[in-house]
Amino acid sequence: MTNDLPVYDHVHGTGPTLVFVHYWGGSALTWAPVVAGLEGRDIVTIDFRGWSRSRSLPGPFSLNQLATDTLNVIADAEIADFVLVGHSLGGKVAQLVAATRPDGLRGVILVAPAPARPADVITPEYQEELSHAYDSDQSAAWARDNVLTATALTDAVKAQVVKDSRSSATGAAAEWPLHGIAQDISAEIARVTVPALVITGQNDQVEPTDVLRRNLLPHLANAELTVIPNSGHLIPLEAPTKLASVVEAFASTLSSLRA
């Protein structure tokens, strides 16, 4: 383990703090359209180790390291009251963070998350193929248009997706498809007792709703499921206004429960 801290942004506002962690190939910028709809909230967005502004940090790039990094950012930002919001890979990291039962954690919002128990489709052959998804600008654009999304993105957002997908350190891009995606963390998340909101895209090809119902929800003690109509896997970019509304409502509910 290394003590180097990933780059993060902290927008000060009303708590609990929403701590956002991104998908494989994403960055803190993935959350920008959602953050824009959460004006007034205290918000932290993190660039994972090996990605975007944190690409110079050394490995390991494992799920456990990313979870440790997230906890270290929370401590560095002196946050004592927070909700984790994780997308895809970030959703699996958020599950591991929540499993440590950190002080101040009120709940978790898992956006199109990788499930605790890997889906049956995660075979060695699938992993090897996935590991090459971001080998070039062209392959990243193909994955964006044919796998990751089900709705149209603006040209600027499409360009950002490719830029983020290609902005990784050596070893960081391969860690998730070759190792993390196949890691079974169902035993760990049995320890998660805070409320959890699982958000899924109606047309998500990567983490379909039925897979999350089978491979994630049964392992969470206190979870509910919300489906975002029409969206694919990149919910923060495809349906940011709707997602911000759902996040705000859940965070407000947690605030009232603590009051």
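Colleague: Which residue just after α3 takes a positive phi?
Modeller: This is a predicted model, in which local features need pLDDT of at least 70 and side-chain atom pairs count only at pLDDT 80 or more, while totals for chains, interfaces and linings use all residues. Residues are numbered from 1 along each chain as its sequence is written, and side-chain values use heavy atoms, with hydrogens and water left out. Helices (DSSP runs of H or I, at least four residues) and strands (E, at least two) are numbered from the N terminus. Just after α3, a positive phi of about 50° is taken by Arg-101.

Colleague: How many residues of α3 are buried?
Modeller: Buried means under 20% relative accessible area with a 1.4 Å probe, protein chains only. The buried residues of α3 include Lys-92 and Gln-95, and the partners against which the buried residues pack are β2, α2, β4, β5, α7 (172-178) and α8 (186-189). Helix α3 is mostly covered, its buried residues numbering 11 of 11.

Colleague: At what angle do the axes of α2 and α3 cross?
Modeller: The axes, lines fitted to C-alpha atoms over the stretch in contact with angles from 0 to 180 degrees between N-to-C directions, come within 9 Å for helix α2 (residues 63-76) and α3. The two helices are therefore roughly perpendicular to each other, a class that spans 65 to 115 degrees, with under 35 counting as roughly parallel, over 145 as roughly antiparallel and the rest as oblique. The crossing angle of α2 and α3 is roughly 70°.

Colleague: How many residues of the contact of α2 with α3 are nonpolar?
Modeller: Contact (heavy atoms within 4.5 Å) is made by residues including Leu-63, Leu-66 and Leu-71 of α2 and Leu-89, Val-93 and Leu-96 of α3. Beside 2 polar residues and 1 charged residue, the number that are nonpolar is 8.

Colleague: Which strands stand at the edges of the sheet?
Modeller: The open sheet has 7 strands in the order β1-β3-β2-β4-β5-β6-β7, with mixed pairing, where two strands pair if DSSP finds at least two bridges between them. Each edge strand has a single partner, so one side of each is left without a neighbour in the sheet, and these strands are β1 (8-11) and β7 (223-228).

Colleague: At what angle do the axes of α5 and α6 cross?
Modeller: Helix α5 (residues 137-148) and helix α6 (residues 155-165) have axes that come within 9 Å and cross at roughly 125°, which makes α5 oblique to α6. Their contact includes Asp-137, Arg-144 and Asp-145 of α5 and Lys-158, Val-161 and Val-162 of α6, and by class it has 5 nonpolar, 1 polar and 4 charged residues.

Methods:
Nonpolar A, V, L, I, M, F, W, Y, C, P; charged D, E, K, R; others polar. Buried < 20%, exposed > 50% of the residue type's maximum accessible area, 1.4 Å probe, protein only.
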